[in-house]
Amino acid sequence: MDGQPLRFDTKIAVLLRDDLAPWQRLNVTSFLVSGLGSQVPEVIGAPYEDADGIAYLPMFRQPVLVFEATKEVLKAAHTRTLIRALPRAIFTADLFSTGNDTDNRAAIRAVPTADLDLVGLAVYGPKGGVDKVVKGARMHP
(Lines give C-alpha, C1' and ligand atoms only; values in the text may rest on other atoms or scores of the structure.)
Protein backbone atom coordinates (compact mmCIF):
# COMPACT_ATOMS: atom_id res chain seq x y z
CA MET A 1 0.00 0.00 0.00
CA ASP A 2 1.29 3.43 -0.87
CA GLY A 3 -0.36 5.17 2.10
CA GLN A 4 -3.09 6.70 -0.05
CA PRO A 5 -6.67 6.13 1.10
CA LEU A 6 -8.53 3.60 -0.99
CA ARG A 7 -11.39 5.20 -2.93
CA PHE A 8 -14.38 3.29 -4.24
CA ASP A 9 -16.54 4.18 -7.22
CA THR A 10 -19.38 2.25 -5.59
CA LYS A 11 -21.28 2.72 -2.37
CA ILE A 12 -23.15 0.55 0.12
CA ALA A 13 -25.86 2.44 1.98
CA VAL A 14 -28.45 1.45 4.56
CA LEU A 15 -31.40 3.74 5.10
CA LEU A 16 -33.39 3.33 8.32
CA ARG A 17 -36.69 4.87 9.28
CA ASP A 18 -36.08 7.46 11.97
CA ASP A 19 -38.74 6.17 14.39
CA LEU A 20 -37.14 2.78 15.08
CA ALA A 21 -36.00 1.71 18.55
CA PRO A 22 -32.22 1.22 18.92
CA TRP A 23 -32.50 -2.60 18.93
CA GLN A 24 -34.63 -2.42 15.77
CA ARG A 25 -32.04 -0.25 14.01
CA LEU A 26 -29.32 -2.79 14.71
CA ASN A 27 -31.49 -5.76 13.79
CA VAL A 28 -32.71 -4.20 10.54
CA THR A 29 -29.20 -3.13 9.51
CA SER A 30 -27.84 -6.64 10.10
CA PHE A 31 -30.58 -8.28 8.05
CA LEU A 32 -30.33 -5.78 5.21
CA VAL A 33 -26.59 -6.01 4.66
CA SER A 34 -26.73 -9.79 4.72
CA GLY A 35 -28.91 -9.56 1.62
CA LEU A 36 -26.35 -7.52 -0.28
CA GLY A 37 -23.47 -9.74 0.77
CA SER A 38 -25.25 -12.88 -0.38
CA GLN A 39 -26.25 -11.62 -3.84
CA VAL A 40 -23.61 -9.09 -4.85
CA PRO A 41 -20.29 -10.97 -4.62
CA GLU A 42 -18.11 -8.00 -5.56
CA VAL A 43 -18.93 -6.30 -2.24
CA ILE A 44 -17.13 -9.02 -0.28
CA GLY A 45 -13.40 -8.81 0.32
CA ALA A 46 -10.91 -11.57 1.05
CA PRO A 47 -10.96 -13.73 4.20
CA TYR A 48 -8.97 -12.56 7.22
CA GLU A 49 -6.26 -14.40 9.11
CA ASP A 50 -4.53 -13.41 12.33
CA ALA A 51 -0.82 -13.81 13.12
CA ASP A 52 -1.47 -17.30 14.54
CA GLY A 53 -3.05 -18.49 11.29
CA ILE A 54 -6.61 -18.50 12.60
CA ALA A 55 -9.01 -17.82 9.72
CA TYR A 56 -11.97 -15.43 9.86
CA LEU A 57 -14.81 -14.86 7.45
CA PRO A 58 -14.51 -12.20 4.77
CA MET A 59 -16.42 -8.95 5.23
CA PHE A 60 -17.46 -6.10 2.98
CA ARG A 61 -14.52 -4.62 1.11
CA GLN A 62 -15.77 -1.08 1.67
CA PRO A 63 -17.56 0.94 4.34
CA VAL A 64 -21.31 0.74 4.84
CA LEU A 65 -22.89 4.16 5.26
CA VAL A 66 -25.96 4.22 7.48
CA PHE A 67 -28.60 6.92 7.07
CA GLU A 68 -31.92 7.70 8.70
CA ALA A 69 -34.99 9.33 7.27
CA THR A 70 -38.71 9.77 7.60
CA LYS A 71 -41.13 7.19 6.30
CA GLU A 72 -41.78 9.40 3.26
CA VAL A 73 -38.10 9.81 2.37
CA LEU A 74 -37.58 6.05 2.79
CA LYS A 75 -40.48 5.33 0.44
CA ALA A 76 -39.06 7.77 -2.15
CA ALA A 77 -35.63 6.13 -1.84
CA HIS A 78 -37.19 2.72 -2.46
CA THR A 79 -38.85 4.05 -5.61
CA ARG A 80 -35.51 5.44 -6.80
CA THR A 81 -33.81 2.05 -6.31
CA LEU A 82 -36.51 0.45 -8.46
CA ILE A 83 -36.18 3.09 -11.20
CA ARG A 84 -32.38 2.70 -11.22
CA ALA A 85 -32.60 -1.12 -10.95
CA LEU A 86 -29.95 -1.11 -8.19
CA PRO A 87 -29.38 -4.19 -6.02
CA ARG A 88 -31.46 -3.69 -2.88
CA ALA A 89 -32.77 -5.36 0.23
CA ILE A 90 -35.84 -4.27 2.17
CA PHE A 91 -37.15 -4.71 5.69
CA THR A 92 -40.78 -3.98 6.51
CA ALA A 93 -42.51 -3.38 9.84
CA ASP A 94 -44.32 -6.71 9.38
CA LEU A 95 -41.03 -8.58 9.81
CA PHE A 96 -40.82 -7.57 13.47
CA SER A 97 -43.74 -9.91 14.16
CA THR A 98 -42.54 -12.95 12.23
CA GLY A 99 -40.22 -15.51 13.69
CA ASN A 100 -38.58 -17.18 10.72
CA ASP A 101 -37.35 -16.71 7.18
CA THR A 102 -40.33 -18.42 5.55
CA ASP A 103 -42.81 -16.13 7.31
CA ASN A 104 -40.62 -13.12 6.48
CA ARG A 105 -40.85 -13.83 2.76
CA ALA A 106 -44.58 -14.50 2.99
CA ALA A 107 -45.15 -11.20 4.82
CA ILE A 108 -43.45 -9.24 2.06
CA ARG A 109 -45.07 -11.22 -0.74
CA ALA A 110 -48.53 -10.44 0.70
CA VAL A 111 -48.17 -6.67 0.25
CA PRO A 112 -48.13 -4.73 -3.05
CA THR A 113 -44.96 -2.69 -3.64
CA ALA A 114 -46.70 0.66 -3.15
CA ASP A 115 -48.13 -0.47 0.21
CA LEU A 116 -44.96 -1.88 1.80
CA ASP A 117 -44.46 -0.44 5.31
CA LEU A 118 -40.72 0.04 4.87
CA VAL A 119 -38.49 0.50 7.90
CA GLY A 120 -35.18 -0.19 6.17
CA LEU A 121 -33.52 -0.35 2.79
CA ALA A 122 -30.01 -1.37 1.75
CA VAL A 123 -28.67 -0.45 -1.66
CA TYR A 124 -25.44 -0.97 -3.59
CA GLY A 125 -24.30 0.63 -6.79
CA PRO A 126 -22.36 3.42 -8.41
CA LYS A 127 -21.60 6.17 -5.90
CA GLY A 128 -23.61 8.82 -7.78
CA GLY A 129 -26.64 6.55 -8.14
CA VAL A 130 -26.68 5.61 -4.47
CA ASP A 131 -26.26 9.26 -3.51
CA LYS A 132 -29.40 10.05 -5.51
CA VAL A 133 -31.28 7.19 -3.84
CA VAL A 134 -30.56 8.44 -0.30
CA LYS A 135 -31.24 12.10 -1.19
CA GLY A 136 -33.14 13.73 1.67
CA ALA A 137 -31.77 11.32 4.28
CA ARG A 138 -29.20 12.23 6.91
CA MET A 139 -26.28 10.28 8.28
CA HIS A 140 -27.30 8.13 11.23
CA PRO A 141 -26.10 9.72 14.47
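Buried means under 20% relative accessible area and exposed over 50%, with partly exposed in between (1.4 Å probe, protein chains only). The model is predicted: local features need pLDDT of at least 70, side-chain atom pairs count only at pLDDT 80 or more, and totals for chains, interfaces and linings use all residues. Residues are numbered from 1 along each chain as its sequence is written, and side-chain values use heavy atoms, with hydrogens and water left out.

**Figure 1. The whole chain.** Of the 141 residues in the chain, 33% are buried. The C-alpha trace spans about 50 × 35 × 30 Å along its principal axes. The chain has four helices and seven strands; helices (H or I, at least four residues) and strands (E, at least two) are DSSP runs, numbered from the N terminus. In sequence order the pattern is β-α-β-β-β-α-β-α-β-α-β. Among contacts (heavy atoms within 4.5 Å) with a separation of 6 or more, 75% involve residues 24 or more positions apart.

**Figure 2. The open sheet.** Five strands in the order β5-β6-β1-β4-β7 form an open sheet with mixed pairing. β5 (88-92) and β7 (138-139) are the edge strands, each pairing on one side only. Two strands pair if DSSP finds at least two bridges between them. Strands of a sheet pair through backbone hydrogen bonds, either parallel or antiparallel.

**Figure 3. Strand β1 and its two neighbours.** β1 (residues 10-17) pairs with β6 (residues 118-126) in the antiparallel sense over seven bridges. Leucine 15 has leucine 121 in β6 as its bridge partner. With β4 (residues 64-69), β1 runs parallel, joined by six bridges. Here valine 14 stands opposite valine 66 in β4.

**Figure 4. Strands β4 and β7.** Two bridges pair β4 with β7 in the antiparallel sense. Phenylalanine 67 has methionine 139 in β7 as its bridge partner.

**Figure 5. The largest pocket.** Its volume is about 420 Å³. On a 1 Å grid over the protein atoms alone, a pocket is an open set of points where a 1.4 Å probe fits, with protein on both sides within 12 Å along at least five of seven lines; lining residues have an atom within 4 Å of a point. Grid points are joined across faces, edges and corners, and a volume is the space filled by probe spheres set on the points. Of the 14 lining residues, Ile90, Leu95, Asp101, Arg105 and Ile108 are the closest to the centre. α1 (22-39), β5 and α3 (101-109) each give two or more residues to the lining, and α3 gives the most, with five. The lining divides into seven nonpolar, three polar and four charged residues. Ala, Val, Leu, Ile, Met, Phe, Trp, Tyr, Cys and Pro count as nonpolar, Asp, Glu, Lys and Arg as charged, and the others, Gly among them, as polar.

**Figure 6. The second largest pocket.** This pocket holds about 150 Å³ of space. Leu6, Arg7, Phe8, Thr10, Lys11, Gln62, Pro63, Leu65 and Lys127 line the second largest pocket. Four of these lining residues are nonpolar, two polar and three charged.

**Figure 7. Alanine 85.** Alanine 85 lies in the loop between α2 (71-84) and β5. Although not a glycine, alanine 85 has a positive phi of about 55°. Alanine 85 counts as exposed because its relative accessibility is 60%.
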